[in-house]
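Colleague: I am new to this structure, and I would like to learn how to read its features. Could you take me through them?

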Amino acid sequence: AKDWDVLESKLDRIDHILVDAPGFTLKGQGEAQWLKEMLPPSKHGRELHLVQSIVARDEDVMGLAERYTELNFNDVIFTRIDESSRQGVMINFQNHFKEDYELATKERIIDLIFRITG
């Protein structure tokens, strides 16, 4: 956690830093607190994106997302959509968490990265 200040000073011209925390189910005691401490500080407008596989079972997706709400994620990204013929988990997630969703088109992603439309 203390290394973020050093990293930020060396990467001060970088707009986005992606941090991957694979395999954290947040089921273990203290896991959520440890991950909170390891996340970059929010002083520069940190955003957290929860990444979920659409081929996972609904109960696994919902359970993991419930545990990650403690980290206050900004949104969810569903992966492997092209590998599945069933996308019901996205609808169920939306209903459960009262989230809105949009399709990640190339144009929309570019707009989000470069803030073209504000």
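Modeller: Gladly! Let us begin with a term: a polar contact is a pair of N or O atoms within 3.5 Å; within protein, one must be able to donate a hydrogen and the other to accept it, and residues adjacent in sequence count only if both atoms are side-chain atoms. Here, the side chain of D111 makes such a contact with the side chain of R108, at 3.1 Å. Another, of 2.8 Å, joins the side chains of D111 and T117.

A note on the source: this is a predicted model, where local features need pLDDT of at least 70 and side-chain atom pairs count only at pLDDT 80 or more, while totals for chains, interfaces and linings use all residues. Residues are numbered from 1 along each chain as its sequence is written, and side-chain values use heavy atoms, with hydrogens and water left out.

Colleague: Is D111 buried or exposed?

Modeller: Buried means under 20% relative accessible area, exposed over 50%, and partly exposed in between (1.4 Å probe, protein chains only). D111 counts as buried because its relative accessibility is 12%. By contrast, D20 has 65%, so D20 is exposed.

Colleague: Where is D20 found?

Modeller: Helices (H or I, at least four residues) and strands (E, at least two) are DSSP runs, numbered from the N terminus. D20 is in the loop between α1 (3-10) and α2 (31-38), whereas D111 lies in helix α5 (residues 106-114).

Colleague: What does Q52 touch?

Modeller: Contact means heavy atoms within 4.5 Å. Q52 is found in strand β1 and, at 5% relative accessibility, counts as buried. Leaving out residues up to four places away in sequence, Q52 touches V61, L64, A65, V76, I77, F78 and T79. A polar atom of the Q52 side chain lies 3.2 Å from the backbone oxygen of V61.

Colleague: And how do I read the largest nonpolar core?

Modeller: A nonpolar core is a set of buried Ala, Val, Leu, Ile, Met, Phe, Trp, Tyr and Cys residues joined through side-chain atoms within 4.5 Å. The largest one has 19 residues, of which L26, Y68, L71, F73, F78 and F93 touch the most other members. With five residues, α3 gives the most to this core.
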